[in-house]
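Please look over the chain shown below, and then read on for a report that moves from single residues to the fold as a whole.

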Amino acid sequence: NCTQKRVWKFCCTKEQMPINQLCWKDQCVQLVSRMSDPSVTRLRPKILVVDDDKFVSRQVIESITSFEWISAATVADGVRIVRKAKPDIVLHDYTLPDGTAVDGCARIREISQVPILIISSQDKLDNRLAAYNAGASDYILKPLVSTELRMKIEFHLKMRDEIQINQQKLTDARKAAMEAVTNVGQLGILLKFMQAIENNEAPEAMSQAILTTLSEFHLSSAIQVRTRETVIDLNSTQVENPLESEIFRQLGDQPPIVDFGNRTIFNNGGVSILVKNMPQDDPEKCAKLKENVGFLCEAADARLQHMLNEIHFSKQTQSISKVLSRTQVVLGEIQKRHEEMMLAASNVLTSTQQDVEDTLYTLDLTEEQEMKLHSLVNKGIERALEMFTDDAGVARYLKFLASELDKGMSKINNS
């Protein structure tokens, strides 16, 4: 197929022409298979062959023609190439002019965790143990069998890929755990903020709580809190900045989140927050901070509106209390004056009646005239007394109203 043709064209270079054309097709198929594996990042794995015996090197290279290979003749060259070329696997002969495979393995392990397959003619337990202790991945005896060598290479490449995948999974898991810890920490900061503003009774104290919370997020910020009576501007430097006030004036009624450069302004009702060091180069962290600061801004505005409503209600209650108090005093005065007037009028009537009776004795009136005059005076007194009776009802109403005002004042004072 097309993919096999591309691999054939890539691999059949002048430098790496296959010795056996019949098996080369099979090798291409294997390469195509490896290309479909998402864990493989290179087209062909790179293998370093460390051996000073050209015959053995040739034998090894013929066995790995489907791989990209590099050769070295000494331990030192092998270490240098590992550091520079970063091969996927190392085939290391046991005995070399400047040391053994154990030496080479130990030095390579200082700089890389690449799989190392030691090739040796010595089947001694001490040699095997020394190789494994130095960090070797496998130990292959001479004479080499191509099939075995290829299978071991494939096995260790697969193991390397699985290790890399597992390491990536571990890295992702650690990252997720750190994010979870960070999220819990940020949630704790927000909860502490909610508890703090719950006890605030003035916008100024809440504004300072917002700044404190933003500093715990390691954010340099400025805030503006707007009420009907005043505008509060604060920033993390504690120095008034006219430019920031102008930014709030221009953008305070804009959408909830506005980005400009590495700054972001958050708007919600009467609260605006300007963050001056948003991590725009870290989109994930930036998004999380926007979510938290947006929540903080929304919560602060909700608390501000509740606070303003409480202040407004308190002022209304105080005004009503003053009016009721004055009304109570006035009603008391009216009741007192009314009682005094009723008493005075009663005294006047009684005195008038006595004066009329006394005067009748000095006048030369007939009995009929005296009776008629007595009748007129008595009718006048009776009408006056009827008026006093009506005034007594008014007094009862005044007393009832004063009593109700007392009850209303008590409820206001207790609320």
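## Lys86 and the end of helix H4

In this predicted model, Lys86 is placed in the loop between H4 and E3, and its phi is near 50 degrees, a positive value in a residue other than glycine. Lys86 follows H4, and with a relative accessible area of 54% it is exposed.

A second residue other than glycine with a positive phi is His218, where the angle is near 60 degrees. His218 is found in the loop between helix H8 (203-216) and strand E8 (221-226), and at 70% relative accessibility it, too, counts as exposed. A further backbone feature belongs to the peptide bond from Lys142 to Pro143, which is cis, with omega near 0 degrees; Pro143 itself lies in the loop between strand E7 (138-141) and helix H7 (146-198).

## The buried face of helix H4

Helix H4 spans residues 75-85, and its buried residues are Val75, Gly78, Val79, Ile81 and Val82. Seen down the axis of H4, these buried residues fall within an arc of 165 degrees, so they line one face of the helix. The elements that cover them include the strands E1 (46-50), E2 (68-72), E3 (89-93), E4 (95-96) and E5 (99-100), together with helix H5 (101-109).

Helix H4 also holds Asp77 and Arg80, which are 3 residues apart, about one turn of the helix. Asp77 forms a salt bridge with Arg80, and the closest N and O atoms of the pair are 3.6 Å apart. Asp77 is partly exposed, with a relative accessible area of 28%, and Arg80 is likewise partly exposed, with a relative accessible area of 44%.

## Salt bridges between separate parts of the chain

A search of the whole structure finds 10 salt bridges, among them one between Asp88 and Arg160, whose closest N and O atoms are 2.3 Å apart. This pair links distant parts of the chain, since Asp88 is in the loop between H4 and E3 while Arg160 is in helix H7, 72 residues apart.

Glu216 lies in helix H8 and Lys192 in helix H7, so the pair ties together parts that are 24 residues apart in sequence. Glu216 counts as partly exposed at 27% relative accessibility, as does Lys192 at 46%.

## Two nonpolar cores

The largest nonpolar core has 28 residues, and those with the most contacts inside it are Phe193, Met206, Ile210, Val271 and Ile273. At least two residues of this core are supplied by each of H7, H8, E8, strand E12 (271-275) and helix H10 (283-362), and the largest share, 9 residues, comes from H10. Leaving aside neighbours within four places in sequence, Phe193 is in contact with Ala209, Ile210, Thr213, Leu296, Ala299 and Ala300. A second, separate core of 21 residues includes Ala72, Val75, Val79 and Leu96.

Leu191 is placed in helix H7, and at 49% relative accessibility it counts as partly exposed. The C-alpha atoms of Leu191 and Leu296 are separated by 9.9 Å, although the two residues are 105 residues apart along the chain.

## The chain as a whole, and where to read with care

The chain contains 11 helices and 12 strands, and buried residues make up 35% of its 415 residues. Among contacts between residues at least 6 apart in sequence, 61% join residues at least 24 apart. The accessible surface of the chain comes to about 25,500 Å², of which 56% belongs to carbon and sulfur atoms.

The mean pLDDT of the chain is 78, and 78% of its residues reach 70 or more. Over residues 1-25, however, pLDDT stays under 50, and the model has 27 contacts beyond four places in sequence for this stretch. The pLDDT is also below 50 over residues 34-42, a stretch with 14 contacts in the model beyond near neighbours in sequence. Where pLDDT is low, the predicted coordinates should not be read in detail.

Key. Residues numbered from 1 in each chain as written. Predicted model: local features only at pLDDT ≥ 70, side-chain atom pairs only at ≥ 80, totals over all residues. Heavy atoms only, no water. Buried < 20%, exposed > 50% of the residue type's maximum accessible area, 1.4 Å probe, protein only. Helix = DSSP H or I, 4+ residues; strand = E, 2+ residues; numbered from the N terminus. Arc of directions from axis to C-beta. Contact = heavy atoms within 4.5 Å. Areas by Shrake-Rupley, 256 points an atom, 1.4 Å probe, with all protein chains shown as cover. pLDDT = per-residue confidence, 0-100. Core = buried A, V, L, I, M, F, W, Y, C linked by side-chain atoms within 4.5 Å. Salt bridge = Lys/Arg side-chain N within 4 Å of Asp/Glu carboxyl O.
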